[in-house]
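Welcome! Keep the 3D view open and try each task before you read on.

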Amino acid sequence: MPATNTDLVDRYLHAVKFWLPKAQQADIVAELGEDLQSLVEEREAALGHTLDEDELAIILKKRGSPMRVASGYLPEQRLINPAMLPVYRLVLKIVLLWVFVPLFAFVFLGPVLTFARPGEMLLRCAVEYWRAAFMTVGMVTTVFALLDRYQVKFHRADNWDPRKLPGVPGTQNAMTRWNHLAGAIFGFAAAAFWVYLMWQRSEFAFSGGTRLILGPVWRQIYWPVLGVTLTSAFFDLLSSVYPRWTQVRSRVRIGTDICGLTIAAVLLKAGNFVGIVDAHLSAADLANSMAWFNGMIDWTVIAAIAIEIGDAIHEARFLLRGKRAKPAALPSAM
Amino acid sequence: MHTNAASSELFDNLRLELRRGCLVVAVLAQLYTEHYGYALRKALGDQGLAIDENTLYPLLRRLESQGLLASQWREEEKRNKRFYRLSPLGEEVLPNLLAEWREMTAALERILGDRGLASAAESASESKKEK
């Protein structure tokens, strides 16, 4: 082979080597070099003359770009397991549509309506949404990539039972969907009302000089109450879209019920919910009013506890019924 | 025009899928006797199964890493060449693979025969040879 041809082949093999895994570089390049040399010799024998640079360039071009040739030797790589792609898409859809949109609407609706330049606030909302969405997509993708990298197995995907699949959409009672939607609307309204009523509030002042002083416990429970209310509203919203996700909904309901019971227990333990300041009332009347007011809150909290316990029992029975109805394990697929 | 290009692309993809498994069987069967890469490619091509070098060499490495082939560098005609042959594991696996392939071919033949597609396939094969 002429020197220029050797140089061309060497350059080609060097370019292929660049993309190859380090441990196999020398071995693969030696084999490719041998193959090319055999091909050149055969072609030269057929043509009856030594190949010139152009003829050799045609052979190398036909073989493919160095990166393409090297890619055949690289292990098959992927970011996310294809089997997990439907779950990945579902998680993104839930986060971007069903968490972020209501959350941003909740956070920005007030400022947009009250800000002097609502357009500017809307633009800020959109920018923040895209920033948050971009970061979330990155984080969710990273989590799924890590799950794939460390070969985390999802037993649920293997141990499934066709008899436990959700029903076909459209056949369920339309009322269920509307009930959940109503629950979501009520929940978000309650959360907004809670923020409006209690945000950094330490007292209520009424005309005539009467003041209702809030006990410190209300500051303690402000964020937990908001969190539980929003979570409950969010899952109601989700249930209105996916009414067949009854097991998930029941578990979340039991969770929010337990959180609600904890908050109620903290409230009851604190005792003095409110104090009353009124210059027109005698000390005895003031004490009676405070006792009556605190007693009313006491009973309201107790009623709320009863409702939460009832709801939790109802959901737990629903879950247990589902588990008892669980059929015998099916034989694994062939 | 667009439909022709799309159908040609679709055919190429299907052909690739169809060939993938067959190439493994062919390479393993050919390597009952020892060959180096270039000679193996020639031998397969001479028997009507042309295989691109960019497909063959990575395939040989994959089969070797799976333990189905064994290889060694050896000098022949004053040049170092890497010779491949079926490993003991490959010798154990290949008959099962061939039996499976024969079953599939027989089933496919029955399906084609039942639907009268065999003659259509034959004429397509003839026209391909003429081209």
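**Exercise 1. Describe how helix 9 (residues 217-241) and helix 10 (residues 246-270) of chain A lie against each other.**

Solution. Keep in mind that this is a predicted model.

Step 1: The axes of helix 9 and helix 10 of chain A come within 10 Å, and they cross at roughly 165°.

Step 2: Angles over 145 degrees count as roughly antiparallel. Helix 9 and helix 10 of chain A are therefore roughly antiparallel to each other.

Step 3: The crossing of these two helices of chain A is left-handed.

Step 4: Now find the residues that make the contact. Helix 9 of chain A contributes, among others, A:Val217, A:Ile221, A:Val228 and A:Phe235. From helix 10 of chain A, the residues include A:Val252, A:Cys259, A:Ile263 and A:Leu267.

**Exercise 2. Work out the strand order and the pairing in the three-stranded sheet of chain A.**

Solution. 

Step 1: The sheet is open, its strands follow the order 1-2-3, and the pairing is antiparallel.

Step 2: Strand 1 (203-205) and strand 3 (274-277) of chain A are the edge strands, each pairing on one side only.

Step 3: On average, neighbouring strands of this sheet are turned by 15° against each other, direction ignored.

Step 4: Look at one pair in detail. Strand 1 and strand 2 (residues 211-214) of chain A are joined over three bridges. In strand 2 of chain A, A:Ile213 is the residue that A:Glu203 stands opposite.

**Exercise 3. Locate the largest nonpolar core and say which residues touch the most other members.**

Solution. 

Step 1: This core has 22 residues, and those touching the most other members are A:Val16, B:Leu28, B:Leu31, B:Leu63 and B:Leu69.

Step 2: Zoom in on B:Leu28. Leaving aside residues up to four places away in sequence, B:Leu28 touches B:Leu63, B:Leu68, B:Leu86, B:Gly90, B:Leu94 and B:Leu97.

Step 3: A second, separate core has seven residues, including A:Phe188, A:Ala191, A:Ala233 and A:Phe235.

**Exercise 4. What is the overall make-up of chain A?**

Solution. 

Step 1: Chain A has 11 helices and three strands.

Step 2: Of the 334 residues in chain A, 12% are buried.

Step 3: Take the contacts in chain A between residues at least 6 apart in sequence: 74% of them join residues at least 24 apart.

Key
Residues numbered from 1 in each chain as written. Chains lettered and ligands numbered in written order. Predicted model: local features only at pLDDT ≥ 70, side-chain atom pairs only at ≥ 80, totals over all residues. Helix = DSSP H or I, 4+ residues; strand = E, 2+ residues; numbered from the N terminus. Buried ≥ 20, exposed ≤ 12 C-beta atoms within 10 Å, placed from the backbone. Contact = placed C-beta atoms within 7 Å. Core = buried A, V, L, I, M, F, W, Y, C linked by C-beta atoms within 7 Å. Pairing = 2+ DSSP bridges. Axes fitted to C-alpha atoms, helices over the stretch in contact; angles between N-to-C directions. Parallel < 35°, antiparallel > 145°, perpendicular 65-115°, else oblique. Left-handed = near helix turned anticlockwise from the far one by under 90°.
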